[in-house]
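Trainee: I would like to go through this model with you and test each term against its rule. Where do we start?

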Amino acid sequence: MFSPDRESMHPSRLKQLQLERLRWSVRHAYENNAHYRGTFAAAGFHPDQVRSLDDLRRIPFLTKQEMRDNSPYGLFAVPMKDVVRVHSSSGTTGHATVVGYTRNDIELWSTLMARTIASAGGSAEDVLQVAYGYGLFTGGLGAHYGGEKIGATVIPISGGNTDRQLMLIRDFGTTMLACTPSYAINMADFAARHMPEFDFRKTRLRRGIFGAEPWTEAMRKEIESRLGIDAYDIYGLSEVIGPGVSCECSAKSGLHVFEDLFLVEIIDPATGEVLPEGSQGEIVYTSLTKECCPVIRYRSRDITRLHRDGCACGRTLVKMDKVCGRSDDMLIIRGVNVFPSQIEALLLEVEGVEPHYQVVVDRRGALDDIEVMVEVDEAIFSDEMKVMNALAEKIAARMRSTLGITAKITLVEPSSIERGAGKARRVIDKRKPQ
Ligand code: DLL
């Protein structure tokens, strides 16, 4: 553990620390930001009312729309002279939001990413290849600062240039890779196609920290077997800090949330009601020490579940399940709710199917139409039509029985689905304005 005194804190001591910090954070937001002052007052809330952690529920939520409406600097709670960096969310749903960091915020974020790297088994001994994009996206610089903080040797290559990525893994002795899970698979594909002499198992690569998009257990197996490494899920969002909000440990049974710095709640996304621990719902964040952009009850739209069942790694921090998707990514097909990650899990169980797929949703007349395009391996693709049809029917039948949706399955040849170096675009919903 990078911060053992914090990560394995006794639960009662942790609660005490959270309460002290919550009081500070709520007051800081109220005193130094007009938007918070306005929404608190409108809800009849004053920071003096925070006497226990349960009083959090008296505070109104902060929504993504409010963040956008106040963009770029309207939610900052420090003078601009104290802001040393800005980042921006990827803007997959509408306009991007802008977040700022003070020097202390950058220090905090670096520590969180050092904890994340340590949680995945990394240390100062590692050579960390950062293949998340550098720039306004938080992935590259977040992993970079965390790597330096823990004392690893950082290779700041950023995303893309896949042939170069592979050469560096081989020649620079990379031991740990940081990128999106879809990009890790793209690297393996590229190697298999264009560099037949390249063998991941002959390199020093041992582990990877993958996140920024939903990915399933089936995808983990695929990455682990193709790259010959241990793959860990890391999670975060720009509005809260960037990567470093939660991460898996060696148990790989949920992502520990760094609760000494962020309070988490699960709510019903439809009603906003707080749900008991163990229920699935939308995760809501409250930052406890952030200076520039404090978030108080920020509705992330990410769907997960919290559980506190103890962990072999010794961390006492609550765990969240792998995020299955965002409430706004959930597809409603003829009334049936389905997350793209459920489709991924199902596809990857089928032999001959490759981990490259895209879901296209459209409306024909009054009805929703869903098509799943998925790559199959070379052998199947060059086989008889009969074999292809049988495979497509097998997938369609599984989708009907497991997910309750009737989809058109289109098997496509290897490499025909668009590849990227960042977040994969899994869904094209033609019903929504693009
Ligand atoms: O994606 C931060 C990040 C960078 C996380 C690198 C991990 C690694 P944003 O661009 O603001 O920030 O996007 C945040 O991405 O609300 C989730 O919907 C999704 N997301 C991030 N990590 C995961 C994950 C970064 N491990 C949004 N699993 C979040 C599932 C994830 N979804």
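Mentor: With the division of the chain: domain 1 covers 1-326 and domain 2 covers 331-429. Those bounds come from an automatic or database domain assignment. Residues are numbered from 1 along each chain as its sequence is written. This is a predicted model, so local features need pLDDT of at least 70, side-chain atom pairs count only at pLDDT 80 or more, and totals for chains, interfaces and linings use all residues, while side-chain values use heavy atoms, without hydrogens and water.

Trainee: How far apart are the C-alpha centres of domain 1 and domain 2?

Mentor: They lie 30 Å apart. The contact takes 24 residues from domain 1 and 18 residues from domain 2. Contact means heavy atoms within 4.5 Å.

Trainee: What area is buried between domain 1 and domain 2?

Mentor: About 1,600 Å², with carbon and sulfur atoms giving 54%. Buried area is the accessible area (1.4 Å probe) that two parts lose on being put together, summed over both. In domain 1, Arg193, Thr216 and Met219 lose the most area to domain 2. Together they make up 26% of what that side buries.

Trainee: What makes Glu378 and Arg193 a salt bridge?

Mentor: The rule asks for a side-chain nitrogen of Lys or Arg within 4 Å of a carboxyl oxygen of Asp or Glu. The N to O distance between the side chains of Glu378 and Arg193 is 3.5 Å, so the pair qualifies. The count between domain 1 and domain 2 is two salt bridges.

Trainee: How many residue pairs are in polar contact across the interface of domain 1 and domain 2?

Mentor: Eleven, with both residues at pLDDT 80 or more. A polar contact is a pair of N or O atoms within 3.5 Å; within protein, one must be able to donate a hydrogen and the other to accept it, and residues adjacent in sequence count only if both atoms are side-chain atoms. On the side of domain 1 that touches domain 2, α8 (181-194), α9 (217-227) and β14 (325-326) each supply at least two residues. α8 gives the most, with six residues. Helices (H or I, at least four residues) and strands (E, at least two) are DSSP runs, numbered from the N terminus.

Trainee: What makes Glu259 and Arg308 a salt bridge, and what does the pair tie together?

Mentor: Their side chains meet at 2.9 Å, N to O. Glu259 is in the loop between β9 (255-257) and β10 (262-267), and Arg308 is in the loop between β12 (298-307) and β13 (319-320), so the pair ties together parts that are 49 residues apart in sequence. The whole structure has 35 salt bridges.

Trainee: Which residues does a cis peptide bond join?

Mentor: Ser71 and Pro72, with omega about 0°. Pro72 lies in the loop between α4 (64-69) and β1 (85-88).
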